[in-house]
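Work through the following exercises with the sequence and the model at hand. Each task is followed by a solution in steps.

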Amino acid sequence: MRFLFKTDYEDDIRLFPHSGYFVSYGLLLAVLLIAPYVLSSYVMSQLVFVCIYATVGVALLILTGFTGQASLGHAAFLAIGAYTAAYLQKYNVPFPIYFLAAGVLTGLIGAMVGFPALRLTGIYLVIATISFALIVEEILARWESVTNGNEGMRVKAVSLLGVTVSRDSPTFYFLCLAVLVLTIVGTLNLLRSPTGRAFVAIRDSETAARSMGVNVALYKVKSYAISAAITGFAGVLFAHKLSFISPEMFTLQLSIEFIIVILIGGTFSLHGAVLGAIFIVMIDPFLTYLKDDMPGIIAGVAATFGAGTQSAANVQSKVAAFASLNGLKGAIYGIIIVLFVLFEPLGLYGRWLKIKLFFQLFPLYKRATFKRQKIYVKSERNR
Amino acid sequence: MLDFVQQLVSGVALGCVYGLIALGFVLVYKATEVVNFAQGDLMMLGGFFAFTFIGMMGLNYWVGFAGAVAAMALFGMVAERVVVRPILGYPQFSIIMATIGLGYFLRSIAGMIWGTDDLKIETPFSQGVLRVGSLVLAHDKLSVIAATVILCTLLWLFFNKTTLGTAMRASSENMLAAYYMGIPVKRVVSIVWAISAAVATCAGVLLAPITFIHSNVGLALGLKAFPAAVLGGFGSIPGAVVGGVLIGVIESMAGFYLAEGWKDVAPYIVLLAVLLLKPEGLFGLHVRKKV
């Protein structure tokens with residue numbers, strides 16, 4: 001076990017607390033940089049989605065994980081970013097400008113959502129953000145002169161410094177990766193600044209934060225604006241990756257997927273956003289695998305255990321029928337959410353920390369270390 | 001003028017449906033401070049149960065109705081035991097997510113079992129109409145309004161006049177104190193989920209002739225029931241119904257008098273306005289934080 005000997009207050013807020021971090025993150029970055037030259041184009045395409053989802057996950061973590069403001073409306077911010085890009089692209093605005101414009105516009109709208117949210121907490125905030133998302137969805141479908149209504153908009157490939165970057169090329173992957181890395185580094189810096197500490201203070205106790213001199217309203221609006229702006233940037237990449245956007249892509253379902261990203265990854269650390277994004281993007285390939293390969297494998301297992309050809313074929317068709325049921329994806333989502341909330345509330349990153357601690361303390365690990373406190377006394381109504 | 005009255009009546013009928021679902025939210029919220037995002041899906045499931053009893057097994061309508069209510073009450077208790085009880089006492093957001101997950105699960109499972117077609121139940125109210133002057137009122141809509149009034153009155157009396165109702169209100173205020181006072185909090189929570197699932201089933205069965213039964217009906221109506229519950233003030237039983245009726249009337253008026261598209265958005269605009277101007281709703285209690 002490594003003991004960090006802190007001699008300076010600066011040691012508490014270092015981005016890389018010790019040299020081991022340079023090695024592990026350097027290796028990770030190297031792997032990510034050579035990935036497009038090694039992996040197949042399908043995997044690369046999934047990796048781009050991981051980058052985009054992780055960026056949104058980081059944005060959501062700032063708001064939900066660190067400021068404690070729930071949001072089920074992030075699909076709307078993503079949509080605003082995507083549509084801004086698509087609209088400005090029609091007028092031949094260069095990529096860097098509409099990329100920034102999308103972020104700024106989404107940030108402004110985020111701040112506008114933040115103001116009414118100041119008066120709301122808990123369940124009311126969740127419902128208000130859902131309403132906001134539904135209203136945005138309806139506006140996208142009806143404002144046909146700008147958004148082309150339900151027919152959707154085509155998005156051309158990115159044109160960067162005179163070079164056209166196709167959505168499947170390694171360059172586009174590097175672009176998404178760069179946005180993700182910059183977002184993460186920026187967020188880490190934000191969180192160790194006074195602003196970030198104010199966010200966390202608001203999350204832990206609004207009253208305490210206010211009495212310590214934190215301007216709660218200002219910081220909440222800031223948190224909304226920053227979170228929305230990052231989501232807007234992700235929206236531009238999302239639009240380019242899909243090359244076609246229409247209002248029915250940005251539904252409540254997508255907002256819930258973003259919440260699942262941070263819920264599965266862990267809401268207390270930025271690692272959670274990336275882990276959760278990997279998890280959620282993996283679900284689709286997993287379902288395809290279930291549909292294509294699983295029936296054959298299970299039939300093979302059945303055959304080795306002495307089942308006849310007839311019954312093995314029978315098993316195979318039954319498994320295939322189950323795997324191609326219509327609602328399977330929804331059911332899997334549902335089960336995953338419930339299981340994580342019940343049994344792994346700290347998410348995948350929490351599990352990793354538990355495993356790490358288990359080996360660090362080897363015979364002395366106790367489960368209660370990570371136990372959350374249950375509160376039966378307070379009522380949300382008298383907050 | 002006739003158009004207006006006709007729209008008003010159909011708005012009230014629609015609103016009563018929202019009110020019935022909102023009643024389910026309010027019951028659970030009143031007793032446990034949990035918001036059940038799967039309420040609409042419980043309603044959907046209740047409709048499917050009734051379809052199984054009435055349409056597939058050929059039972060009498062009322063017997064099938066009662067059977068569905070009983071089955072769903074049991075289901076509500078099981079759902080509470082499995083999904084909600086282990087996380088009571090944790091921050092509200094985890095419980096919201098858990099019920100969203102439950103809703104996802106129920107929707108897909110219902111789609112797998114009963115298929116994705118629109119199903120219909122033959123009811124005694126499906127056909128008839130009541131004529132008042134030149135006004136035409138369909139029996140199925142009147143049945144919804146009547147059932148809402150009856151259920152709302154019964155539940156209000158139950159919460160305010162009976163011992164069990166008082167116990168529920170007490171455990172919502174402070175579970176620990178309620179437990180010290182001898183209230184079996186776990187059983188109370190279990191019962192309240194059973195009641196709310198039963199109310200949801202009533203909504204689902206009464207709605208069957210109007211909207212048909214479909215695995216996604218719960219999500220659409222459940223989302224509309226939120227504005228109703230908020231408008232009435234989360235935690236007030238008459239408030240839920242009044243809020244539901246208001247939302248229903250606003251929606252049907254917006255659909256009739258305003259351009260296309262306003263109908264779907266109007267309830268949410270009203271909701272945001274209410275949250276901004278009077279977050280505690282029409283019948284809600286105004287509370288301050290004591291430090």
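## Exercise 1: a helix residue

Leu182(A) is found in helix H7 (residues 170-191) of chain A, where helices (H or I, at least four residues) and strands (E, at least two) are DSSP runs numbered from the N terminus. The model is a predicted one, in which local features need pLDDT of at least 70 and side-chain atom pairs count only at pLDDT 80 or more, whereas totals for chains, interfaces and linings use all residues. Residues are numbered from 1 along each chain as its sequence is written, and chains are lettered from A and ligands numbered from 1 in the order in which they are written.

Solution. A residue is buried if 20 or more other C-beta atoms, placed from the backbone, lie within 10 Å of its own, exposed if 12 or fewer, and partly exposed in between.

## Exercise 2: positive phi

Task: state where Asn92(A) lies and where Ser243(A) lies, and determine how exposed Asn92(A) is and how exposed Ser243(A) is.

Solution. Most residues other than glycine have a negative phi. Asn92(A), which is not a glycine, has a positive phi of about 60 degrees, and its place is in the loop between helix H3 (74-90) and H4 of chain A. Asn92(A) counts as exposed because it has 9 C-beta neighbours inside 10 Å. Ser243(A), also a residue other than glycine, takes a positive phi near 60 degrees in the loop between H10 and strand E4 (244-245) of chain A. Because 15 C-beta neighbours lie inside 10 Å, Ser243(A) counts as partly exposed.

## Exercise 3: a helix pair

Task: describe the packing of H4(A) and H10(A) by angle and axis distance, then by handedness.

Solution. Helix H4 (residues 95-117) of chain A and helix H10 (residues 216-242) of chain A pack at an angle of about 145 degrees, with their axes 7 Å apart; axes are lines fitted to C-alpha atoms, for helices over the stretch in contact, and angles run from 0 to 180 degrees between N-to-C directions. The crossing of H4(A) and H10(A) is right-handed, a term used if the near helix is turned clockwise from the far one by less than a right angle.

## Exercise 4: a hairpin in chain B

Task: which residue is the bridge partner of Leu130(B) in E2(B)?

Solution. Strand E1 (residues 129-132) of chain B and strand E2 (residues 135-138) of chain B run antiparallel and are joined by four bridges, where two strands pair if DSSP finds at least two bridges between them. Leu137(B) in E2(B) is the bridge partner of Leu130(B). Two residues lie between the strands of this hairpin, in which Gly133(B) has a positive phi near 65 degrees.

## Exercise 5: the chain contact

Task: how many residues of chain B are in contact with chain A, and which helix gives the largest share?

Solution. 46 residues of chain B are in contact with 43 residues of chain A, contact requiring C-beta atoms, placed from the backbone, within 7 Å. On the side of chain B that touches chain A, the largest share, 16 residues, comes from H4(B).

Key: Contact = placed C-beta atoms within 7 Å.
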